[in-house]
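Here's a quick look at how this chain packs and pairs its side chains. Have the structure open while you read.

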Amino acid sequence: RLVLGAGFYNFTSVQGKAFADLAAGGKSNGNHEGAAGVVKNPYLPKQIFLDARGPTGSVDSGIFVEYVQNNETSDPNQALWTGMTIGQKTWDAQWGYLDVESDATLALFTNSDFGNGVTDARGWVAALRWKFMKNVSVRITEMVARTRMDIDNRNYQRTHLDLNASF
């Protein structure tokens, strides 16, 4: 199965608004500010993506790539998410690499678990899932990133252990 696509988002009207008017907490979370607490740039990110999956011998495998660019700013404006999956009926594994520059997209739309929910982050995600009953599985996910690359280059790490049940 092959999925190829493209899209865009239009958030150009946020330029000049206070971050507090966009989300609870009112922080820039990696996006550049004009005046203190105010959105500096318009956001019109364009994206392309590819997802290819299928059987490889006795396992199912896949690769994925997504690229985003916000041409409305000359500040760092690109994002890349790429990785692979492999698995069978009772288990699967995923590995991915994510690099989100500060103004590729509004931080309020980023993954809140990776890099503490900020833009200006890069790192990797690895996950293992084991389906030990028909409708029950356990999954461990490890996220390791460096954030605030252009300010103080912080380390960030988060581990999730999820028990999933379907009815």
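This is a predicted model: local features need pLDDT of at least 70, side-chain atom pairs count only at pLDDT 80 or more; totals for chains, interfaces and linings use all residues.

Buried means under 20% relative accessible area, exposed over 50%, and partly exposed in between (1.4 Å probe, protein chains only). Residues are numbered from 1 along each chain as its sequence is written, and side-chain values use heavy atoms, with hydrogens and water left out.

Now the salt bridges (a side-chain nitrogen of Lys or Arg within 4 Å of a carboxyl oxygen of Asp or Glu). The count comes to six, and here are some of them:

| Pair | Closest N to O |
|---|---|
| Arg-1 and Asp-51 | 3.9 Å |
| Arg-129 and Asp-92 | 2.6 Å |

Arg-129 sits in strand 6 and Asp-92 in strand 5, so this pair ties together parts 37 residues apart in sequence; strands here are DSSP runs of E, at least two residues, numbered from the N terminus. Arg-129 is partly exposed at 23%, while Asp-92 is buried at 19%. Salt bridges with shared partners also link Arg-1, Asp-51 and Arg-53 into one network. Within it, Arg-1 is exposed at 59% and Asp-51 buried at 17%.

On to the nonpolar side: a core is a set of buried Ala, Val, Leu, Ile, Met, Phe, Trp, Tyr and Cys residues joined through side-chain atoms within 4.5 Å. The largest one has ten residues, including Val-68, Ala-79, Phe-114 and Met-143. Strands 5, 6 and 7 each supply at least two residues of this core.

Conventions. Helices (H or I, at least four residues) and strands (E, at least two) are DSSP runs, numbered from the N terminus.
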